[in-house]
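Hi,

Here is the structure I promised to pass on. Have a look at it first, and then read on for my notes.

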Amino acid sequence: MEKLDILIAGVGGQGVITLGKIIATSALLSGVKALVAETHGLAQRGGAVNVHVRLGNVYSPLIKKADFLVALEATEALRNLSYTDKETILIVNERVERSVLPRVKMLSLDEIKERLKEYRAIYIPAERVAIDSGNPRGANIVMLSLLMEFGLKKLIDEDKLLSLLDEKNKRVYLAGKESITFLRIR
Amino acid sequence: MKKSLLLGNEAIAFGALKAGVGIATGYPGTPSTEIIETLQRFRDRYVEWSVNEKVAFETAYGASITGAYSLVAMKHVGLNVASDPLMSSSYTGVEGAFVIVSAQDPSMWSSQNEQDNRYYGLMSLIPVIEPYDPQSAYELTVKAFYLSSKVHHPVILSTNTRISHVRGPVEYEEPIPPIFGKLQKKPDKYSLVPDVARRDRQEQLKRWELIQQEIKEFNEIEGDGRKLIIASGVAYSYVKEILPESVRILRLSAPVPLNREQIIKALEDTDEALIVEELEPIVEMQIKSIAYDEGFRIRIHGKDYVPRSGELTPDIVEFAIKKFLGIYYEPKTKVEEYVPPRPPAMCPGCPHRSSFIDIKRGITLGGLSQTFFSGDIGCYSLGILPPFQEQDSLTNMGSSLGIANGIFRATGTIPVAIIGDSTFFHSGLSALANAVYNNLPVLVVVLDNRVTAMTGQNPSPSREIDIANVAKGLGVEYVKEIDPFNLKESTKIIADATNWVKQNKKPALIIAKRACALEVIDKFDKLPIAEVDISKCTGCTICYDYFTCPAIIPREDKKAFIDPVLCIGCGACIPICPYSAISLKGKIPEGWDEVWRS
């Protein structure tokens with residue numbers, strides 16, 4: 001059976017854990033084994049969070065090398081590069097959220113893109129797509145639709161996945177899919 | 001049989017239900033919390049959050065000596081608090097079944113240490129069961145109850161972050177009705193006066209021998225080859241994923257104690273062995289001792305190949321296995337790039353943020369030119385971060401008052417002890433009594449938000465018991481409540497209390513009381529939001545650099561912008577702005593103030 005390793009990275013509060021849960025539940029509904037490892041002390045609000053999602057014939061809870069790195073915040077893509085190699089596809093939300101520590105200089109989106117230029121990365125303004133389709137908090141679902149289009153579909157049945165989403169999120173999901181025509185892998 | 005995607009902790013709860021658990025208790029702590037949360041949904045059993053792990057332990061243990069099936073759950077450091085009754089429970093044994101769940105946190109994702117509680121098994125002579133994934137967590141919990149009831153002895157179920165907080169498919173069966181006890185008295189067994197304890201000790205050792213026989217069925221050998229890998233708990237999942245053919249694996253789901261015959265059988269026909277286990281060499285020590293006694297002359301690797309600190313990862317295990325098998329393997333080089341730090345933060349609207357500002361201003365105004373902030377365990381541990389830096393120590397639950405005592409006795413500096421409401425009842429009470437009893441000049445600030453917020457808003461005793469009355473009852477003469485959002489008044493009261501401590505050389509206690517922001521936003525659909533009047537804002541940076549609410553964001557021109565998605569309209573930033581540039585917009589919902597102050 002095929003294996004797929006997805007690392008979801010983001011900032012606590014962005015729906016990182018929820019996204020992992022949706023992928024794993026739809027995998028189970030599609031008859032695919034899934035393991036999702038999450039780390040959350042202190043509720044991790046505003047802090048860096050990552051969730052390891054493993055699909056297929058897997059045992060270890062943690063990923064060694066990710067097939068996909070989904071970054072709900074661009075800086076978090078950089079923080080998790082050690083889980084990737086040149087084969088990994090990075091799906092990156094074009095959002096830079098500041099650290100709550102005072103006077104920490106964040107990297108600009110362009111600086112992040114510059115550092116990622118050797119990688120296979122796709123960028124998407126996920127918040128804008130989510131807001132335009134009527135759900136400002138649906139950026140994680142936009143990322144999910146991209147992930148499906150770029151390879152998750154071979155393991156997960158799209159109808160099963162959609163059955164887990166409410167109407168608001170279904171709209172976001174479809175909007176994410178439509179946005180793909182404008183994207184390309186670098 | 002049902003199959004669902006379950007969190008390891010949910011699987012443990014379903015295992016307990018399948019075994020007939022009647023009484024379950026615990027104190028919240030990551031990564032153990034969801035076990036009790038899941039059991040709370042089943043109303044036909046008694047499930048409680050206790051005030052601390054010792055009381056939780058004694059409750060579950062007390063139930064089991066009447067014949068009930070009981071479970072107690074806590075994080076690894078919680079077992080330190082409960083270690084007193086733990087040792088005794090092994091002497092007396094139990095009548096029904098008693099499973100102690102201890103959730104370890106290797107790599108310290110949300111803990112102050114990574115102690116390996118399998119040592120408690122060796123020390124107390126209580127068997128330790130260690131699952132390797134959510135499915136085994138379910139099955140082994142059921143088996144742990146059966147073992148406990150069969151040998152009439154407590155059993156430790158040792159889980160960790162990568163078991164408790166992993167979701168995976170789990171097949172499980174329906175719960176069976178709860179098993180409660182019936183009143184029975186055996187003082188000649190359960191009252192550990194020296195005479196009884198001496199006899200119990202002999203019984204305990206006999207049970208320990210029996211357990212060494214029974215424990216065999218928790219472990220399994222698979223594969224062939226003259227090289228043997230012994231994997232305990234979660235290590236098995238990593239080994240299984242990586243392992244090439246022609247290697248035998250001994251999967252240990254019970255690292256304590258070992259069954260001598262089983263180990264001897266595994267070591268026969270083995271040229272070389274590798275023990276893969278997380279943290280301490282618990283299995284390694286036991287195996288080497290057996291191997292030595294039995295005269296095996298083979299190399300046994302363990303902590304020489306597998307690190308003693310931090311959780312296992314696929315890389316670490318692959319490196320160890322390949323080294324063992326003589327296969328060249330270069331571990332991944334870590335990408336060394338500067339990435340701005342992003343620690344977790346106090347939520348927008350968190351009253352603790354305001355409390356830290358009030359405290360700093362108040363004690364300065366009260367004439368305390370320098371102090372020691374003696375902290376404690378909770379969300380407010382984040383007060384260690386800039387710009388607050390108001391946690392000079394925080395080591396364990398209830399440490400604030402005890403350490404403050406030591407600081408004052410050694411230096412004469414008046415300390416400030418900062419403790420949460422749940423922690424106050426957990427282990428602050430006795431330390432406060434000590435402060436009164438021994439005249440400790442300390443300013444105690446109880447940050448009371450009415451929940452154990454850090455682990456997911458679990459209820460706290462402060463909802464039922466008035467902290468001010470408790471403090472007065474314990475003899476604290478200066479007790480006052482403040483509203484942390486009311487900067488002016490709070491600062492004044494803290495200054496006054498500080499003065500009082502200096503003059504009277506006794507403890508004073510302030511209760512900073514406001515609900516957890518998450519409790520508030522859960523109750524309202526439409527929230528007011530704060531807005532910055534850009535014409536008044538001077539770009540002084542105080543609101544985002546010194547108040548640091550995540551909802552307040554600096555603009556390019558340094559002026560402040562409030563993110564309407566993050567802001568919850570608490571209004572705490574309004575008095576912080578020296579230029580009165582912030583105001584609330586939108587309607588204050590009905591009952592708003594009541595919820596904040598409930």
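Predicted model: local features only at pLDDT ≥ 70, side-chain atom pairs only at ≥ 80, totals over all residues.

Let me start with strand 5 of chain A, residues 89–93. Five of its five residues are buried, so the strand is largely enclosed by the rest of the structure. Both of its faces are covered: A:Ile89, A:Ile91 and A:Asn93 lie on one side, with A:Leu90 and A:Val92 on the other. In a regular strand, side chains alternate between the two faces of the sheet.

Strand 5 of chain A has parallel pairings with two strands. With strand 4 (residues 68–71) of chain A there are four bridges, and A:Phe68 sits opposite A:Ile89. The chain gets from strand 4 to strand 5 by way of helix 2 (residues 74–79) of chain A, in a right-handed β-α-β crossover. With strand 6 (residues 120–124) of chain A there are five bridges, and here A:Arg120 is the bridge partner of A:Ile89.

Now to the interface. In chain A, 51 residues contact 58 residues of chain B. About 4,700 Å² is buried between the two chains, 60% of it from carbon and sulfur atoms. Eight salt bridges cross the interface, including one between A:Lys64 and B:Asp315 at 2.9 Å, N to O. Strand 2 (34–38) of chain A gives the largest share of the side that touches chain B, five residues.

Enjoy exploring it!

Best wishes

Key. Residues numbered from 1 in each chain as written. Chains lettered and ligands numbered in written order. Heavy atoms only, no water. Buried < 20%, exposed > 50% of the residue type's maximum accessible area, 1.4 Å probe, protein only. Pairing = 2+ DSSP bridges. Right-handed = clockwise from strand over helix to strand, strands pointing away. Contact = heavy atoms within 4.5 Å. Buried area = accessible area lost by both parts, 1.4 Å probe. Salt bridge = Lys/Arg side-chain N within 4 Å of Asp/Glu carboxyl O.
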